[in-house]
Amino acid sequence: MRHTTRTAVMLCAALGLTAAVGSASAVPAASPPSARAAAVRQATTPVLVDCLWHAKVRPGDFILACGDGNSRLVSLHWDSWGANSARATGVNVVNDCDPYCAAGAFHPYAVVVKLDRPQPWKKNPQVQHYSRITLTYLGDRPEQFGRVVTYPLWN
């Protein structure tokens, strides 16, 4: 009787294991996101194009003066990055160019950065890029700048 009970228990365990493995393999594996869905997301989420024509999303820094690097954004912390606009806080580091730019000193200014006006990117028209940047200085600012300055962005 003891041998029969052990055989019955082993048989039930084996059948239970077979059922569990069989049902697990019958469940289809989750499919990875399609390339089309990724392309749609990419087309609807604008990028910021840098001086070297690289598409960036939520960059930590960004050069505003591509020719000489005398104005750049650093320590960017993005509050939002959407289909129509993006917003960050950070620091605009600007060369005072006094007495001339090569001998000037860089000064930091706290800013709020807003990106907007998404448009198709000339390098890749399926990708939207922000075409305008607005800086709002929170305190001190360079002498020649207004409290709010807006620039077109290259594409």
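**Figure 1. A left-handed link between Cys51 and Cys66**. The angle about the S-S bond of Cys51 and Cys66 is -85 degrees, which makes this link left-handed. It's a disulfide (a pair of cysteine sulfur atoms within 2.5 Å), and the sulfur atoms of Cys51 and Cys66 sit 1.8 Å apart. Cys51 is in the loop between strand 1 (48-49) and strand 2 (55-56), while Cys66 is in the loop between strand 3 (62-63) and strand 4, so the pair ties together parts 15 residues apart in sequence. Strands here are DSSP runs of E, at least two residues long, numbered from the N terminus. Cys51 is partly exposed at 24% relative accessibility, and Cys66 is partly exposed too, at 38%. (Buried means under 20% relative accessible area, exposed over 50%, partly exposed in between, with a 1.4 Å probe and protein chains only.)

This is a predicted model, where local features need pLDDT of at least 70 and side-chain atom pairs count only at pLDDT 80 or more, while totals for chains, interfaces and linings use all residues. Residues are numbered from 1 along each chain as its sequence is written, and side-chain values use heavy atoms, with hydrogens and water left out.

**Figure 2. A right-handed link between Cys97 and Cys101**. Here the angle about the S-S bond is 95 degrees, and the two sulfur atoms are 1.9 Å apart. Cys97 is partly exposed, with a relative accessible area of 23%; Cys101 is partly exposed at 33%. The count comes to 2 disulfides, and counting bonded cysteines along the chain gives the pattern 1-2, 3-4.

**Figure 3. Inside the largest nonpolar core**. A nonpolar core is a set of buried Ala, Val, Leu, Ile, Met, Phe, Trp, Tyr and Cys residues joined through side-chain atoms within 4.5 Å. At least two core residues come from each of strand 4 (71-81), strand 5 (85-95), strand 6 (106-121) and strand 7 (124-137). Zoom in on Ile133: leaving out residues up to four places away in sequence, its contacts (heavy atoms within 4.5 Å) include Leu64, Leu73, Val113 and Tyr151.

**Figure 4. Where pLDDT stays under 50: residues 1-31**. pLDDT is the predictor's confidence in each residue, from 0 to 100. Residues 1-31 have 0 contacts beyond four places in sequence in the model. The chain as a whole averages 81, and 72% of the residues score at least 70.

Notes
Helix = DSSP H or I, 4+ residues; strand = E, 2+ residues; numbered from the N terminus.
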